[in-house]
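Subject: Structure handover

Hello,

Here is the structure we talked about. Please have it open while you read the notes below.

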Amino acid sequence: MSDRIRVLLVDDHQVVRRGLRTFLEVQDDIEVVGEAADGQAGVEEAQRLAPDVILLDVKMPGTDGIEALRRLRDAQSTARVLVVTSFTEQRTAVPALRAGAAGYLYKDVAPDALAGAIRSVHAGHVLLQPEVAAALLTEDNAAPGPGRTSGLTEREREVLGLIADGRSNREIARTLVLSEKTVKTHVSNILMKLDLADRTQAALWAVRHGLTG
């Protein structure tokens, strides 16, 4: 099926990878296309296989998940990365999200919820455990100064809200009756004004500041 979500598993525990594969392969719309046992191998497999979604552990020998996220970002990977970890200290969640993760879940997540999470991040949404979202809300630097907030135009705030809803540039253009080129310009301006690296960080910013629909 060409419309299947192609998933790469990156975890240093073979039993975890095997369990994930066993469950995901019974999903009609998900296909496991590869596995890797550490972050560097995960980056290399992502470049070779071009998966839609990567399930990534944080704590691995050698190249860990945070560094793998940075390398994927530097390589301009288009894969959406869902961190799935047993490491529950929230201090790893924020660096992961800043490095480009589209979601952060714990390994005790219910199987059906994990499948739903894969579909959600593939659709462009940001997915967080409730306590991780709370940690983001209470970050010392979460709230920008007045200058950063007031620097967005009303149209840019509309675009940002739609980014947070998981809309693509094409969908945003259709919703706001704009050209895709104009939407791209707005997105670039939003990232520059808010000092953000990518759309995932923009979506997180919008969620934290109540700009979602």
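β1 and β3 run parallel and are joined by four bridges. Strands here are DSSP runs (E) of at least two residues, helices are DSSP runs (H or I) of at least four, and both are numbered from the N terminus. Leu-9 has Leu-55 of β3 as its bridge partner.

This is a predicted model: local features need pLDDT of at least 70, side-chain atom pairs count only at pLDDT 80 or more, and totals for chains, interfaces and linings use all residues. Residues are numbered from 1 along each chain as its sequence is written, and side-chain values use heavy atoms, with hydrogens and water left out.

The sheet is open and has six strands, in the order β2-β1-β3-β4-β5-β6. Its pairing is parallel; two strands pair if DSSP finds at least two bridges between them. β2 (30–36) and β6 (127–128) are the edge strands, each pairing on one side only.

Helix α2 (residues 39–49) lies across β1, β2 and β3. Its angle to β1 is about 160°. Axes are lines fitted to C-alpha atoms, for helices over the stretch in contact, and angles run from 0 to 180 degrees between N-to-C directions.

Next, a helix pair. The axes of α9 (residues 169–176) and α10 (residues 180–194) come within 9 Å and cross at roughly 110°. The two are therefore roughly perpendicular (65 to 115 degrees). In α9, the contact (heavy atoms within 4.5 Å) is made by Asn-169, Arg-170, Ile-172 and Ala-173. α10 brings Glu-180, Val-183, Lys-184 and Val-187.

The structure holds one cavity of 30 Å³ or more. On a 1 Å grid over the protein atoms alone, a cavity is a set of points where a 1.4 Å probe fits but cannot get out. A pocket is an open set with protein on both sides within 12 Å along at least five of seven lines, and lining residues have an atom within 4 Å of a point. Grid points are joined across faces, edges and corners, and a volume is the space filled by probe spheres set on the points.

The largest cavity holds about 40 Å³. Its lining includes Leu-9, Leu-55, Asp-57 and Lys-107. β1 (5–10) and β3 (53–56) each supply at least two lining residues.

The largest pocket has a volume of about 590 Å³. It is lined by 25 residues, and Ser-77, Thr-78, Ala-79, Arg-80 and Thr-200 lie nearest its centre. α3 (65–74), β4 (80–85), α9 and α11 (199–208) each give two or more residues to that lining.

Best wishes

How values were computed
Angles under 35 degrees count as roughly parallel, over 145 as roughly antiparallel, 65 to 115 as roughly perpendicular and the rest as oblique.
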